[in-house]
Amino acid sequence: MHSKDIIIEKKWNFLLCFLITFFNPCFFFWADNLTTHVKVAAIITCFFVYLASTSISFFLKNKAEKIFLCIFFILSLVPNTVVWSYLYMSETYMHRDMFWVLYGSNMTESEEYFEQFISWPMYVMAFVYIVGGIFLLCKSGSTRALSVKKYTAYFTTCILIIVSVFSFQYLTTGVSTFDYYVSGVKYILESRKVKEEVKLRKASPIKTSCTLSDPNQVFVVIIGESLTRNHMHIYGYQRETTPELDQIKNELDVYSDVIAPDTHTIGVLKKVLTFADHKHPKYYTEKPSVIELFESAGFETYWVSNQEFLSKWGGSYGVIAAEANHVYDLRIAQQDDEIVLPVIESILQDPYKRKIIFVHLMGSHHLYSARYPDEFKYFDYRTDSIPYKPFLNDEMKQTIDDYDNSVRYTDYIVSDIIHQVKALDQSSFVLFFSDHGEEVYDVRNASGHHMSNVYAGQCEIPFILWRSDKYKQEETNIEINTSRPYSTEDLIFGLSTLAGLRYKDYKPEFSLFSREYKRPAKRLVGKEDYDQGILKKKY
């Protein structure tokens, strides 16, 4: 039996393994988030994985060979088709922690995403991939195989190549099938590590004090969703999307130069809720969260969410949200954001003297038309006399209408919460900001919040502070300067200043509200420099 004959008989294996391994690298020219160096390294890695996987099939025959190839193909289906679809849609190649957004998504969110963004070429390519793979699977299979005993070194080398790529995630960049599952394992492991670290810190909690003298305090932090300040009338947008906030504008501190550190919720909130930042991502697990800080200072903590924040794997920022003393997961009711209002009203009546309430809205999350009730259908491109970009068609204009309606609805929700807190007549503040922004055909034919080639609208967020009269009378150590440049990745320090929290790692120079504030040397959005890169992009 000659090895040449075996290779000829297994020719379909070559084609199937090539399809699985090189399906996405063939489209690397679309990926604007990969450097040439990374692309070359990824293609080389894919080549070795291709040789190794094909060679392993040489040592198998009949049923064993079919099973091996079938498992390899089935495991590749989701990673390859999802990565290709996202690459086609956004010119961004998904890899590593980008997959975490998928792991943290719920079924409803996924369905809405498909409805808004998935187009017919994606369905066609998925069909071609599946049908092509099934055809090659049917053709594969042979009655002859190489002897492992005779070619032990060759077989061992193939196994070592596969194990090595799995072991070093940098090598998996171009191999979507490997990268997807390696990233998933890391996602689960990080979740477990966070839980373990929290348990250890509870056994020896951080020492946090509160410098505010008033024993009765109510602080509310409202986190919006996919809301760019560029579509808010209070920030100068031409449509009246914020009528309620406009009415109390003289009571608000409206910050004009605040950005998000990422363009997806998980990436942002992992920084907002912890000491983690771009330089120190490990602080997400190694240092206490904002929930822990407030509990250590004697505050009763609440997390009220109209988004599903705990994935089935228990990962994401939901691990931190779940640390709160009281957790309200309202998304199960599948209702508009008004569902949070009676919950807030009830919480405000709780007898605890010091409490902080985190509220996470569904806000302007795609699908925009599903984010507001019928009575908030206010804008109509057919009658509104606003200047539209020449590339806009009627469908795009309708999308803008839906988005602006969702912004107007968020304005109502935020204003109602402020009025509820104001009615208490206590030492209070309400801070409202969005996790990240959104691009809605503002300067180009693009909508959403992609992870590369970021334009300003995707990271420029509203940041609005309301303070009660009693709070203003007591707190004299903060400084309000609404033009300060800031990134919410340092928000844990800003919140600490507002609440009068002091602890070992407190750095007032990182706080937007501190007298010792220093302008950030660099503000990154993902890996892009906002001031030196994103702002200078030609529209």
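A polar contact is a pair of N or O atoms within 3.5 Å; within protein, one of the two must be able to donate a hydrogen and the other to accept it, and residues adjacent in sequence count only if both atoms are side-chain atoms. The model shown is predicted, and local features need pLDDT of at least 70, side-chain atom pairs count only at pLDDT 80 or more, and totals for chains, interfaces and linings use all residues. Residues are numbered from 1 along each chain as its sequence is written, and side-chain values use heavy atoms, with hydrogens and water left out.

**View 1. Thr81 in helix α4.** Thr81 lies in helix α4, where helices (H or I, at least four residues) and strands (E, at least two) are DSSP runs numbered from the N terminus. The side chain of Thr81 reaches the backbone oxygen of Leu77 at 2.6 Å. With a relative accessible area of 16%, Thr81 is buried; buried means under 20% relative accessible area, exposed over 50%, and partly exposed in between, with a 1.4 Å probe and protein chains only. When its neighbours within four places in sequence are left aside, Thr81 is in contact with Ser76, Ala126 and Tyr129, contact meaning heavy atoms within 4.5 Å.

View 2. Helix α7 comprises the 20 residues 120–139, which at 1.5 Å a residue should span 28 Å, and its end C-alpha atoms are 28 Å apart, in agreement; the expected span is 1.5 Å times one less than the number of residues. Pro121, Met122, Tyr129, Gly133, Leu136 and Leu137 are buried in α7. They cover an arc of only 135 degrees around the axis, and therefore lie on the same side of α7, the arc being that of the directions from the helix axis to the C-beta atoms. The face turned away from this buried side carries the exposed residues Trp120, Tyr123, Phe127 and Cys138. After α7 comes Gly141, whose phi is positive, near 110 degrees.

**View 3. The seven-stranded sheet.** Seven strands form an open sheet with mixed pairing, in the order β3-β11-β8-β2-β7-β5-β6, where two strands pair if DSSP finds at least two bridges between them. Because β3 (252–255) and β6 (326–329) stand at the edges with a single partner strand each, one side of each is left without a neighbour in the sheet. The twist averages 10 degrees from one strand to the next, with axes taken as lines fitted to C-alpha atoms (for helices over the stretch in contact) and angles running from 0 to 180 degrees between N-to-C directions. Strand β5 (residues 300–305) runs parallel to β6 and is joined to it by four bridges, and Trp303 stands opposite Val327 in β6.

View 4. Asn62, in helix α4 (residues 62–90), has a phi near 55 degrees, a positive value in a residue other than glycine, and at 41% relative accessibility Asn62 counts as partly exposed. Ser226, in the loop between β2 (217–224) and α10 (243–247), has a positive phi near 55 degrees, but at 0% relative accessibility Ser226 counts as buried. The peptide bond from His366 to Leu367 is cis, with omega near 10 degrees, and Leu367 is found in the loop between β7 (354–360) and α16 (394–424).
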